[in-house]
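Trainee: I have a model open and want to learn how to read it. Can we go feature by feature?

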Amino acid sequence: MKMNKPIAGYHLLMILSAVDGKFFAKEDLIIEKWIEKEIPLHVNLDKEIETLSALEEDDYMMHFQKCMADFYEDSTEKERIQFLDYAIKLAKAVKPITREENIFIDELFNEWTETSIE
């Protein structure tokens, strides 16, 4: 099922925060700021949290790629650049950026910039 841009973005950020196996309050604050900006109406994210919690670590990349495609489809280039900024802030929230976070950031950057060039 296709996700709308805000939900896909939420999934992307949550996966990015989880790929290193740890979750920090600093990361949560960045995600909350993004939610406030992108989802101005109160939306119950319990279903989304349930979906994300059910993912096995081995499924993160496949779900991440689906979310990237859904977000891309509903966004402008400017929105994708702004989202990339949030993703990088999230990865940098707790130093150093882990290898896992770097892999997912690279995937996001490479997919969206290559798609934009075509």
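Mentor: Start with helix α1, residues 5–18. This is a predicted model. α1 has 14 residues and spans 20 Å from first C-alpha to last, close to the 20 Å expected at 1.5 Å a residue.

Trainee: How many of the residues of α1 are buried?

Mentor: Eleven of the 14, so call the helix mostly covered, with buried meaning under 20% relative accessible area. Among them are Ile 7, Tyr 10, Leu 13 and Leu 16.

Trainee: Which residue caps the N-terminal end of α1?

Mentor: Asn 4 does, with a side-chain oxygen 3.0 Å from the backbone nitrogen of Ile 7.

Trainee: Now empty space. How do I find it?

Mentor: Rolling a probe the size of a water molecule over the atoms shows where empty space is left. Here there is one cavity of 30 Å³ or more.

Trainee: Which residues line the largest cavity?

Mentor: Trp 34, Lys 37, Glu 38, Phe 71, Glu 79, Gln 82 and Phe 83. α2 (25–38) and α5 (77–92) each give two or more of them. By type, three are nonpolar, one is polar and three are charged.

Trainee: How many salt bridges does the structure hold?

Mentor: Four. In one of them, Asp 74 pairs with Lys 2 at 2.7 Å. These two sit 72 residues apart, Asp 74 in the loop between α4 (60–73) and α5, Lys 2 in the segment before α1.

Trainee: What about Asp 70 and Lys 66?

Mentor: They form a salt bridge too, with the closest N and O atoms 2.5 Å apart. Both lie in α4, four residues apart, which means about one helical turn between them. Asp 70 is buried at 7% relative accessibility, whereas Lys 66 is partly exposed at 31%.

Key: Residues are numbered from 1 along each chain as its sequence is written. This is a predicted model: local features need pLDDT of at least 70, side-chain atom pairs count only at pLDDT 80 or more; totals for chains, interfaces and linings use all residues. Side-chain values use heavy atoms; hydrogens and water are left out. The expected span of a helix is 1.5 Å times one less than its number of residues. Buried means under 20% relative accessible area, exposed over 50%, partly exposed in between (1.4 Å probe, protein chains only). A polar contact is a pair of N or O atoms within 3.5 Å; within protein, one must be able to donate a hydrogen and the other to accept it, and residues adjacent in sequence count only if both atoms are side-chain atoms. On a 1 Å grid over the protein atoms alone, a cavity is a set of points where a 1.4 Å probe fits but cannot get out, and a pocket is an open set with protein on both sides within 12 Å along at least five of seven lines; lining residues have an atom within 4 Å of a point. Grid points are joined across faces, edges and corners, and a volume is the space filled by probe spheres set on the points. Ala, Val, Leu, Ile, Met, Phe, Trp, Tyr, Cys and Pro count as nonpolar, Asp, Glu, Lys and Arg as charged, and the others, Gly among them, as polar. A salt bridge is a side-chain nitrogen of Lys or Arg within 4 Å of a carboxyl oxygen of Asp or Glu.
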